[in-house]
Number of protein chains: 2
Amino acid sequence: MPRSFHLGEFEHLVLLVLLRVGPWSSAPVLIEELLRHTLRPPTRGAVYRTLDRLSEKGFVTDRSEVGSPERAGLPRRSFRVAPAGLRALKQSRHLLLGLWSGLEGVLD
Amino acid sequence: MPRSFHLGEFEHLVLLVLLRVGPWSSAPVLIEELLRHTLRPPTRGAVYRTLDRLSEKGFVTDRSEVGSPERAGLPRRSFRVAPAGLRALKQSRHLLLGLWSGLEGVLD
DNA sequence: GAGATATGTCGTCTTTGTATGCAATCAGGA
DNA sequence: TCCTGATTGCATACAAAGACGACATATCTC
């Protein structure tokens, strides 16, 4: 997939979930949302790795907040979908919608 | 993703395309259809490997026809989506539709 | 402090994705 | 019939993605 922008399956999910929960969310929040939608509980390691990769690709922007102990358990790292990430999401969506078109009956 | 049924990104595409082109299609036909929908030209090797894996997982059924030289260049191996494959496709679709819901404006 | 809980990192392994190249098959013409 | 080139199937090798689990660090409560 060296073709620059192809999202892996899990990368796709993580990116989508990040878009849902909103800008500057932390990994635990993403994990919680993932759990709500899929039944599989992803390990934190998997999520962080994926976020790293998405970050390297420029699909998400991340920032670390060191000195803001506002509330209990405040995360140090938060993420948001970058423009390129949004583009990739749109692209995947269009592709799938196109492939599904005409199969509505078969696929429920 | 050892979780039995998770489709990889490309596996998903190949399975979907197989569903589109119809039961007992050959790899070249799938490749052609893939080209029509995605802009990336997958190599034959990639498609065959993916079909092998889908077959191992029970998502596609394949058969080899040896003695049917009906027409020019008739393929020897053809594939169809197995029930488990259809289930996996439905599942992926439901998941994505769920994650997209509410984001229509953002994702076009 | 001390213990419990929450958060982030990393090494390692398995699974997927991709490219390359060889072997077999087949069509069509010399 | 025997080349020749195109098509098809597959093995091999390797890169990227996904997953797990152990470890480290922080934070809260007491």
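**View 1. Surroundings of Arg77(A) in the predicted model.** Setting aside the neighbours of Arg77(A) within four places in sequence, the residues in contact with Arg77(A) are Ser26(A), Ala27(A), Asp62(A) and Ser64(A). The structure shown here and in the views that follow is a predicted model. Arg77(A) belongs to strand β2 of chain A, which covers residues 77-81. Around Arg77(A) there are 14 other C-beta atoms within 10 Å, and the residue is therefore partly exposed, since a residue counts as buried at 20 or more such atoms and as exposed at 12 or fewer. Glu65(A) lies twelve residues from Arg77(A) along the chain, and the C-alpha atoms of these two residues are separated by 6.2 Å.

**View 2. Chain A as a whole.** Chain A contains four helices and two strands, and these elements follow one another along the sequence in the pattern α-α-α-β-β-α. Of the 108 residues in chain A, 26% are buried. Among the contacts in chain A with a separation of 6 or more, 49% are accounted for by residues 24 or more positions apart.

**View 3. The crossing of helices α2(B) and α3(B).** Helix α2 of chain B, residues 27-37, and helix α3 of chain B, residues 44-56, have axes that come within 10 Å and cross at roughly 115°. The two helices α2(B) and α3(B) are therefore roughly perpendicular to each other, and the crossing in which α2(B) passes α3(B) is right-handed. On the side of α2(B) the contact is made by Ala27(B), Leu30(B) and Ile31(B), while α3(B) contributes Arg44(B), Val47(B), Tyr48(B) and Leu51(B). Sorted by class, this contact of α2(B) with α3(B) has six nonpolar residues, one charged residue and no polar residues.

**View 4. The packing of helices α1(B) and α4(B).** In this view of chain B, the axes of α1(B) and α4(B) are 11 Å apart, and the helices pack at an angle of about 115°. For that reason α1(B) and α4(B) are roughly perpendicular to each other, with α1(B) passing α4(B) in a left-handed crossing. From α1(B) the residues making the contact are His12(B), Leu15(B), Leu16(B) and Leu19(B), and from α4(B) they are Gly85(B), Leu89(B) and Ser92(B). By class, the contact of α1(B) with α4(B) has four nonpolar and three polar residues, but no charged residues.

**View 5. The contact between chain B and chain A.** This contact takes 24 residues from chain B and 24 residues from chain A. On the side of chain B that touches chain A, the elements giving two or more residues are α1 (9-21) and α4 (83-100) of chain B, and α4(B) gives the most to that side, with eight residues. Taken by class, the side of chain B that touches chain A has twelve nonpolar, five polar and seven charged residues.

**View 6. The relation of the two chains about an axis.** Chain B is superposed on chain A, with an RMSD of 0.1 Å, by a rotation of 180° with 0.0 Å of shift along its axis, and this is the relation of a two-fold axis. Within chain B, the C-alpha nearest the axis belongs to Glu9(B) and lies 2.5 Å from it. Both copies use the same surface for the contact, as 100% of the contact residues of chain B recur in chain A.

Terms used. Residues numbered from 1 in each chain as written. Chains lettered and ligands numbered in written order. Predicted model: local features only at pLDDT ≥ 70, side-chain atom pairs only at ≥ 80, totals over all residues. Contact = placed C-beta atoms within 7 Å. Nonpolar A, V, L, I, M, F, W, Y, C, P; charged D, E, K, R; others polar. Least-squares fit on C-alpha atoms with pLDDT ≥ 70 in both. Axes fitted to C-alpha atoms, helices over the stretch in contact; angles between N-to-C directions. Parallel < 35°, antiparallel > 145°, perpendicular 65-115°, else oblique. Left-handed = near helix turned anticlockwise from the far one by under 90°.
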